[in-house]
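Subject: Structure handover

Hello,

Here is the structure for your files. My notes on it follow below.

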Amino acid sequence: MALAFDEYGRPFIILREQDQKSRLRGIDAQKSNISAAKAVARILRTSLGPKGMDKMLQSPDGEITITNDGATILEQMDVDNQIGKLMVELSRSQDYEIGDGTTGVVVMAGALLEQAERLLERGIHPIRIAEGFEMASKIAVEHLERVSNKFDFSASNIEPLVQTCMTTLSSKIVNRCKRDLAEIAVKAVMAVADLDRKDVNLDLIKVEGKVGGKLEDTELIYGILIDKDMSHPQMPKQIVDANIAILTCPFEPPKPKTKHKVDIDTVEKFQTLRQQEQKYFDDMVQKCKDVGATLVICQWGFDDEANHLLMHRNLPAVRWVGGVELELIAIATGGRIVPRFQELTPEKLGKAGSIREKSFGTTKDRMLYIEHCANSKAVTIFIRGGNKMMIEETKRSIHDALCVARNLIRNNSIVYGGGSAEISCSIAVEAAADKYPGVEQYAIRAFADALDSVPMALAENSGLQPIETLSAVKAQQIKENYPWCGVDCNDVGTNDMREQNVFETLIGKQQQLLLATQVVKMILKIDDVISPSEY
């Protein structure tokens, strides 16, 4: 393997334990890496587009996930190969940055690697291929800028945003109610968006789900929803114009930090101890009443005696509320989280227009709705569905729609979907290839061919003839010089994507091309793989 010889011709070893390591070098290393990445891309290829298939993944502990979201499939797949892991990271970075287009970016990278393999077999140096791809991606990104359209929307006219979110949701399992869900997502984003700064904080949008009901029952709540109920069944179920005390201190007598022992040897001593405790609880409840609180939300529990007292004093309370939810309630109601009873003042109370407890179906499940808050910058999307998997998949779909709406607020340029943007870029890249002398022009042409793989996969998944469909659309684009013709996946009868209202965000598409090219370049530059061999 890695033997070197000294001046007397005796071999010595450079790599430690080299007999236990396997090594691939040169063209073999590149080919094995490419085939690993292609295998990952092939898995996702069938779940691209509105007619894409779903994948069912079972985790080691028996949890089942059904999804066609590229990033989720690759996260759950537990890929072992190092190059496969690069593809997983590729879709993850697309998910973090854009939130949508995670399947397309992996399919694109797989197609580029397939083309690179052909060029390597012709004997073109991998670095020249990578450089050619880099040039081609620049041409394609600039071309996308040219064919993109600006979308004008305002707080009153949100239709353009809804249309774009509908395109994202049409490839998900929830596509039968895509209109409703898209509207919910856009309204949620507009409620928390800072339109002057063109920024959206998605942490302020909480997505909750509960099994039961049907998908159409999904609703947007301008406020917070918590999966808790009042601590005592006889407390009022509805409070109007509530003043909320948000506490992180427990409702119980203080415990000394040191070890201690209380000797009680007479009934009187026990009585005084009990009265002391009761007085302590009394003081606590009184303190909350004095500042004007009409609802107490506590992070910790409180024992039955405190509960009973709260009930008697007509002070409704909610216990065991998680830290994240407390923060959201504080943001929404404009209250302050109070760590000690001594610090409770009227200014620190949160305000909400109505708080109501709602029960679902025949079960004992109850949830608290906190609505009409002082600061309505926190909203909740409440999803209903037939089973847990459906709700999880809807949550992922809503997340994608939220990200798309956020990207449009940041940058309101769009390109048309249905593969039309890729075909248009492919034509532009093909035309530009002739201007480059040298070997790179082969790589640039290969990039143009790779761009065609996305519309081909779309056509294939929609049950159309892939090659016929692609060549017909491409010919139409060239003939009419009309870059908005795409693959008619839904069989509407027209392949003009403007009429079909199929939009994608420009920054999402550009990011796809740039990320895919970067990863392919990285894979092509590896020419030596040293790995510990299997025992």
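A polar atom of the K289 side chain lies 2.8 Å from the backbone oxygen of R313. This is a predicted model. K289 belongs to helix α8, residues 267-290, and is partly exposed, with a relative accessible area of 32%. Beyond its neighbours within four places in sequence, K289 is in contact with R313, N314 and L315.

Next, the pairing of α5 and α17. The axis of α5 (residues 126-147) comes within 9 Å of that of α17, and the two cross at roughly 175°. Since angles over 145 degrees count as roughly antiparallel, α5 and α17 are therefore roughly antiparallel to each other. On the α5 side the contact includes P126, I129, F133 and L144, and on the α17 side L506, L513, V520 and L524 are among the residues involved. By class, this contact has twelve nonpolar, three polar and four charged residues.

Helix α3 covers residues 82-97, 16 residues in total, and spans 23 Å from first to last C-alpha, close to the expected 22 Å. At its start, a side-chain oxygen of N81 comes to within 2.7 Å of the backbone nitrogen of I83. I83 is itself buried, as are G84, L86, M87, V88, L90, S91, Q94 and D95. The buried residues of α3 pack against α1, α2, α4, α11 and α17. Just after α3, G99 has a positive phi of about 90°.

Regards

Definitions and conventions:
Residues numbered from 1 in each chain as written. Predicted model: local features only at pLDDT ≥ 70, side-chain atom pairs only at ≥ 80, totals over all residues. Heavy atoms only, no water. Helix = DSSP H or I, 4+ residues; strand = E, 2+ residues; numbered from the N terminus. Expected span 1.5 Å × (residues − 1). Buried < 20%, exposed > 50% of the residue type's maximum accessible area, 1.4 Å probe, protein only. Contact = heavy atoms within 4.5 Å. Polar contact = N/O pair within 3.5 Å; in protein donor to acceptor, adjacent residues only side chain to side chain. Axes fitted to C-alpha atoms, helices over the stretch in contact; angles between N-to-C directions. Parallel < 35°, antiparallel > 145°, perpendicular 65-115°, else oblique. Nonpolar A, V, L, I, M, F, W, Y, C, P; charged D, E, K, R; others polar.
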